[in-house]
Amino acid sequence: MRPSASGASELTEAIVHLQPSVYAMKSRPVLLSGVVQPSRRTTLQALVLGAGWLTSPILRAAPTRSVRVAAASDLKFALARLLANFQKATGILVEVNFGASGNLARQIRQGLPIDLFMSADEAWVEQLVVAGLSRRLPNGTHDRGALYAQGRIALFLPKNSAIQPDEQLAGLRTSWRLVEKFAIANPEHAPYGRAAREALQRLGLWEMVRPKLVLGENIAQTTQFVATGAAQAGITALSLALAPEVAQFGKHGVLPAELHAPLRQRMVLLGQASPQAQRLYDYLLSPDARELLHFYGFDN
């Protein structure tokens with residue numbers, strides 16, 4: 001089922017009015033229980049955009065001396081909370097550009113000025129290391145970065161869908177007639193799209209699904225397709241399905257990790273990364289950060 005008329009209207013309005021811009025957190029964000037609380041419209045804007053600079057009602061045009069981060073779209077809501085905590089503790093401003101990991105890596109190779117790259121697939125980080133774009137260590141080698149999480153995928157369905165989620169997708173198979181469009185991220189540059197394809201192949205469902213596939217540019221856009229009812233089912237990142245901002249639009253079932261190659265998520269400091277970027281990097285590897293990532297479904 002599609003969302004209510006009012007919900008669909010809000011989503012449509014968000015799509016029409018949202019434009020990518022560069023933003024950074026204010027020095028004193030509005031916090032409720034230590035977490036930035038975006039409005040419903042802002043939540044939909046962030047999800048609909050899929051790629052672009054992090055925006056919220058508490059953001060303003062970025063100053064010149066901020067930490068610049070390129071991050072995989074599965075991190076949208078988890079990273080917003082992490083950065084709110086980091087900024088509260090340090091006062092350091094951070095800009096975040098979200099997108100598919102492959103697209104972000106390509107933009108970095110083409111000159112996108114970034115301090116920290118957080119990929120959903122370590123292979124994209126390794127390509128940048130081989131290209132000599134990561135920071136140079138004292139021993140003369142290029143930094144390979146660190147694993148910060150391992151991602152999981154989930155079947156995502158509209159809230160009122162008659163299809164029941166399960167880890168072997170038996171409910172999807174038996175109720176396939178109810179599906180007109182099935183959404184996954186583009187496997188060519190989105191790691192979560194590749195994992196979705198592998199899981200469907202392993203379950204013997206790929207040929208059934210292919211004629212009804214709709215590809216998102218990244219995993220956030222894929223999730224938006226299902227949340228708006230443009231697709232009746234899809235496979236998304238567990239981190240997005242678990243986010244309270246997204247969960248209100250759908251239901252999900254976690255898929256076994258054995259169905260696809262591990263989503264080993266690696267980050268790396270690039271080029272002339274600033275000391276402030278190093279502090280963010282260290283924070284993201286801290287026990288507090290790992291605990292929050294675990295809350296969003298990431299394995300550590």
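## Helices H3 and H12

In this predicted model, H3 and helix H12 (residues 275–284) pack with their axes 11 Å apart, at an angle of about 120 degrees. The two helices, H3 and H12, are therefore oblique to each other, since an angle counts as roughly perpendicular from 65 to 115 degrees and as roughly antiparallel over 145. Their crossing is right-handed.

On the side of H3, the contact is made by Leu79, Leu82, Leu83, Asn85, Phe86 and Thr90. H12 contributes Gln276, Arg279, Leu280, Tyr283 and Leu284. Sorted by class, the residues of this contact between H3 and H12 are seven nonpolar, three polar and one charged.

## Helices H3 and H13

Helix H3, which spans residues 76–90, also packs with helix H13 (residues 287–295). Here the angle is about 155 degrees and the axes are 10 Å apart. This angle makes H3 roughly antiparallel to H13. H3 passes H13 in a right-handed crossing.

Which residues make the contact between H3 and H13? From H3 they are Ala78, Arg81, Leu82 and Asn85, and from H13 they are Ala289, Leu292, Leu293 and Phe295. Six of the residues in the contact of H3 with H13 are nonpolar, one is polar and one is charged. Leu82 and Asn85 of H3 take part in this contact with H13, and they also belong to the contact with H12.

## Helices H4 and H5

Two packed helices are described by the angle between their axes and the distance between the axes. For helix H4 (residues 101–109) and H5, the angle is about 10 degrees and the distance is 9 Å. H4 is thus roughly parallel to H5. The crossing in which H4 passes H5 is right-handed.

In H4, the residues Ser101, Gly102, Ala105, Ile108 and Arg109 meet Trp124, Gln127 and Leu128 of H5. The contact of H4 with H5 comprises four nonpolar, three polar and one charged residues.

A search of the whole structure finds nine salt bridges. Aspartate 121 lies in the loop between strand S8 (116–118) and helix H5 (122–130), while arginine 194 is in helix H7 (residues 191–202), so the pair ties together parts that are 73 residues apart in sequence.

## Confidence in the model

The mean pLDDT of the protein is 84, and 78% of its residues reach 70 or more. Over residues 1–46, however, pLDDT stays under 50. For residues 1–46 the model has 89 contacts beyond four places in sequence. In residues 48–64 pLDDT likewise stays under 50, and the model has 56 such contacts beyond four places in sequence for them.

Where pLDDT is low, the predicted coordinates should not be read in detail.

Definitions and conventions
Residues numbered from 1 in each chain as written. Predicted model: local features only at pLDDT ≥ 70, side-chain atom pairs only at ≥ 80, totals over all residues. Heavy atoms only, no water. Axes fitted to C-alpha atoms, helices over the stretch in contact; angles between N-to-C directions. Helix = DSSP H or I, 4+ residues; strand = E, 2+ residues; numbered from the N terminus. Parallel < 35°, antiparallel > 145°, perpendicular 65-115°, else oblique. Left-handed = near helix turned anticlockwise from the far one by under 90°. Contact = heavy atoms within 4.5 Å. Nonpolar A, V, L, I, M, F, W, Y, C, P; charged D, E, K, R; others polar. pLDDT = per-residue confidence, 0-100. Salt bridge = Lys/Arg side-chain N within 4 Å of Asp/Glu carboxyl O.
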